[in-house]
Amino acid sequence: MRSIGQRVELRGTCLSACTMYLSLPNVCVAPDAVLGFHGPSKNGIPLPQRDFDYWSQVMARNYSEPLRSWFMTKARFITNGYYKVSGAELIRMGYPQC
């Protein structure tokens with residue numbers, strides 16, 4: 001998607017790995033979308049601290065500021081369930097609106 005410049009529209013409910021689409025240059029977010037973020041774990045089982053920190057950084061690299069900082073201070077600590085963020089909030093954080 002990145003190499004061909006594919007436009008990606010995040011609409012509806014998007015939980016977990018699909019939030020990685022936010023790293024694409026041609027992504028947009030619908031205001032009524034709901035994206036669910038969580039930190040790294042092994043099927044809900046906490047990782048050793050070193051691994052948790054490493055994979056948190058890997059995940060955070062996919063987000064632009066201020067979402068990256070928010071993820072590192074809040075969402076990564078949720079390992080069961082999701083921290084849900086509206087598309088409207090992501091738009092306020094600088095992501096383009098669809």
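**Charged pairs and a nonpolar core**

R7 counts as partly exposed, with a relative accessibility of 47%. The scale runs as follows: buried is under 20% relative accessible area, exposed is over 50%, and partly exposed is in between (1.4 Å probe, protein chains only). The model is predicted, so local features need pLDDT of at least 70 and side-chain atom pairs count only at pLDDT 80 or more, while totals for chains, interfaces and linings use all residues. Residues are numbered from 1 along each chain as its sequence is written, and side-chain values use heavy atoms, with hydrogens and water left out.

Start with the charges. Side chains of opposite charge can pair when their charged atoms come close. Here a salt bridge is a side-chain nitrogen of Lys or Arg within 4 Å of a carboxyl oxygen of Asp or Glu. The count by this rule is five.

R7 takes part in one of them. Its partner is E9, and the closest N and O atoms are 3.2 Å apart. E9 also pairs with R11, at 2.9 Å from N to O. E9 is partly exposed at 40% relative accessibility. R11 is partly exposed too, at 46%.

Now look at D53 and R76. They form a salt bridge, with the closest N and O atoms 3.3 Å apart. D53 lies in helix α1 (residues 49-60) and R76 in the loop between α2 (67-73) and β5 (83-86), so the pair ties together parts that are 23 residues apart in sequence. These elements are DSSP runs, numbered from the N terminus: helices are H or I, at least four residues, and strands are E, at least two. D53 is partly exposed at 30% relative accessibility. R76, at 12%, counts as buried.

Turn next to the nonpolar residues. In soluble globular proteins, nonpolar side chains tend to be buried together. A nonpolar core is a set of buried Ala, Val, Leu, Ile, Met, Phe, Trp, Tyr and Cys residues joined through side-chain atoms within 4.5 Å. The largest one has 24 residues, and L22, L35, F37, L67 and L90 touch the most other members. At least two residues each come from β1 (8-10), β3 (27-29), β4 (34-37), α1 and α2. The largest share is that of α2, with four residues.

Finish at L22. Contact means heavy atoms within 4.5 Å. Leaving out residues up to four places away in sequence, L22 touches L10, V27, V29, L35, F37, N62, Y63, L67 and Y95.
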